[in-house]
Amino acid sequence: MPELLAGARRRPPRPTPAAVPAGGIAAAAPAAQDRAPAAGLAAPSQRRTAPAAPVQPVIEEGDVELPALGWMWRAGTSSGGGNEGDAADGAASRPMPTAAATVANLYEDRIKAKKSLGQNFMMDDAILRDIVAAAAVGPGDLVLEVGPGTGNLTKHLLSAGARVTAVEKDDTLYARLGQEYEQVPELQLVLGDAVKVGLEGIIRHMPKRVKVVANLPYNITKDLMTLLLPLGSLVSDLHIMIQHEAGERLTERTPGGREWRAANIRTLFYCRPKYRFRISRLKYDPVPGVDGALVTFALRPPAARLPVPSEQGLLELVDKAFSERRKKMRNSLTPLYSSPEVESALAACGLNVDARAQDLTLEQFVALAWQLHRQRVAELGLSGAAGGGRAGRGRDERGPRREPRDERGPRREARGAQEEEEE
Ligand SMILES: C[S@@+](CC[C@H](N)C(=O)[O-])C[C@H]1O[C@@H](n2cnc3c(N)ncnc32)[C@H](O)[C@@H]1O
């Protein structure tokens, strides 16, 4: 890859593996972990002081205009860590390498991209800068990055003034980043699988809602979304690079098409999705089989979601309805409700009794969930008064299982989530 090597004018120091267990949090400079605590980053025992780091004016390397991270490459940004001597050794004048140069350095050090970890590295600093701008990352923001890998996105986030907590599964890249950014207290590195490491616990320690910004390994997109979308009280928005087709699917707003799935209903319930821009596959290395896209999900805090009798009940209803999408809902929902129950609820909601899952909007699913809930409550009330009834026949055990949080019914059916987006 000669064009990459041409850009690799300077190399970061060769890292040594860090002695941090999987799932453990390490500041980028583990040696400095015991300094005075800084607000909100990681667990109290792992907090560190972060001296205000002045962001330098823009500099250029080659044809790529880069935000200057002089402070990252200069000695002495954090005191007392014992590494000043090393860092001063040539680091002070080093400009930030381009994304392409950083990747070239990896290859030069015989570190290969791992397909199993979805390692398609972003090579274009202009795109990375556009992502940070689209995410409106600014000074004081707290950012969770999943899969920092090369650190190429990370340094643009830091350069925008954010404090970054980054979870990396690849221990080689984790160790390399740890060494390269050891003088950067604004970066906290976590070694582990982002899906299993307990992200909610990590985010919960932060003093305000965080942004998630990531060039995701494609194979964890679904699991990570399932994990993060309900965290609207802790996370403000997700800005993720995913496959273009998946991005289009997840930001779909109109029912009726073949691509309208349970994931769309779930997504709209928890957030406002937006397709931002397409990214050519040629901007990654290795080049993947499909283009990428930046997609934004602005999460709703729980109080801003449509009221439902039970969140789990709604998700269960939606999943079941879509599980056999060719079937009419009065048939697909039979594991939860009898056909007459579904028909009568659809009719009471003003919906076609022959409706299939793909015909319904989020608001219509919510209305249906309320109607089925009311029917169940009424039925239970009646059968309770009669001293028996269906509960005794077992059918009710299969209905929505959670107790209703709120029996007042859908207050915002007429002004639903999609309408809100237009404001
Ligand atoms: C597409 S690369 C992105 C690398 C870099 N951020 C960039 O933009 O070039 C995905 C990164 O996620 C990491 N990764 C893969 N699976 C992961 C997981 N389950 N948890 C955390 N990181 C993961 C990979 O090792 C890799 O560094």
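Me: What makes up the domain assignment of the chain?
Reply: The assignment gives domain 1 (25-304) and domain 2 (311-392); such bounds come from an automatic or database domain assignment. By the way, this is a predicted model, where local features need pLDDT of at least 70, side-chain atom pairs count only at pLDDT 80 or more, and totals for chains, interfaces and linings use all residues. Residues are numbered from 1 along each chain as its sequence is written.

Me: How do you know which residues of domain 1 and domain 2 count as in contact, and how many are there?
Reply: Two residues are in contact if their C-beta atoms, placed from the backbone, lie within 7 Å. Nine residues of domain 1 pass that test with ten residues of domain 2.

Me: What is A369 in contact with, leaving aside neighbours within four places in sequence?
Reply: V308, P309, G313, L314 and L317.

Me: What makes a nonpolar core, and how many residues has the largest?
Reply: It's a set of buried Ala, Val, Leu, Ile, Met, Phe, Trp, Tyr and Cys residues joined through C-beta atoms within 7 Å. The largest has 97 residues, and those with the most contacts inside it include V143, L157 and A369. Helix α15 (residues 362-385) gives the most to this core, with eight residues.

Definitions and conventions
Buried ≥ 20, exposed ≤ 12 C-beta atoms within 10 Å, placed from the backbone. Helix = DSSP H or I, 4+ residues; strand = E, 2+ residues; numbered from the N terminus.
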